[in-house]
Amino acid sequence: MKNDIRKYRERLNISQGKLAELCDVTRQTINAIENNKYNPSLELAFELAKNLGVKVDELFKP
């Protein structure tokens, strides 16, 4: 599943480490999601969207 996490994260000038801290995961998890190597749980997807200020369906694309 493709995502726009990097785009929204960079717009807010948030590092992978800071986003990881906000979502209570590791920086490596954020990196893997951004690079489409890992699909987050539904709970994490909603947490990412909340912290990036977007809706889940804006963040993830099939």
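## A45 in helix 4

A45 lies in helix 4; helices (H or I, at least four residues) and strands (E, at least two) are DSSP runs numbered from the N terminus. The model is predicted, so local features need pLDDT of at least 70 and side-chain atom pairs count only at pLDDT 80 or more, while totals for chains, interfaces and linings use all residues. Residues are numbered from 1 along each chain as its sequence is written, and side-chain values use heavy atoms, with hydrogens and water left out.

With a relative accessible area of 6%, A45 is buried (buried means under 20% relative accessible area, exposed over 50%, and partly exposed in between, with a 1.4 Å probe and protein chains only). Leaving aside residues up to four places away in sequence, A45 touches P40, V56, L59 and F60; a contact means heavy atoms within 4.5 Å. From A45 to I33, twelve residues apart in sequence, the C-alpha to C-alpha distance is 9.9 Å.

R9 is 43 residues from L52 along the chain, yet their C-alpha atoms are separated by 6.5 Å.

Helix 4 packs with helix 2 at an angle of about 120°, and the two axes are 10 Å apart. This makes helix 2 oblique to helix 4. Axes are lines fitted to C-alpha atoms, for helices over the stretch in contact, and angles run from 0 to 180 degrees between N-to-C directions. Under 35 degrees counts as roughly parallel, over 145 as roughly antiparallel, 65 to 115 as roughly perpendicular, and the rest as oblique. On the helix 2 side, L19, L22 and C23 take part; they meet L44, E47, L48, N51 and L52 in helix 4.

## Helix 3 and its surroundings

Helix 3 spans residues 27–34, and its buried residues are I30, A32, I33 and E34. These buried residues pack against strand 1 (2–3), helix 1 (5–11), helix 2 (16–23), helix 4 (42–52) and strand 2 (60–61).

## N3 in strand 1

N3 is part of strand 1 and counts as buried, at 14% relative accessibility. The side chain of N3 reaches the backbone oxygen of I33 at 2.7 Å. Beyond residues up to four places away in sequence, N3 touches I33, E34, N36, L59 and F60.

N36 follows helix 3 and sits in the loop between helix 3 and helix 4. Although N36 is not a glycine, its phi is positive, about 55°. At 43% relative accessibility, N36 is partly exposed.

D24 is placed in the loop between helix 2 and helix 3. D24 is not a glycine either, and has a positive phi of about 60°. Its relative accessible area of 72% makes D24 exposed.

## The annotated span

An unreviewed UniProt entry carries the annotation "domain: HTH cro/C1-type" for residues 5–59; UniProt positions are given in the numbering used here, feature names are shortened, and annotations may be inferred rather than shown by experiment. In the model, residues 5–59 are 69% helix and 0% strand, and the end C-alpha atoms of this span lie 6 Å apart.

How values were computed
A polar contact is a pair of N or O atoms within 3.5 Å; within protein, one must be able to donate a hydrogen and the other to accept it, and residues adjacent in sequence count only if both atoms are side-chain atoms.
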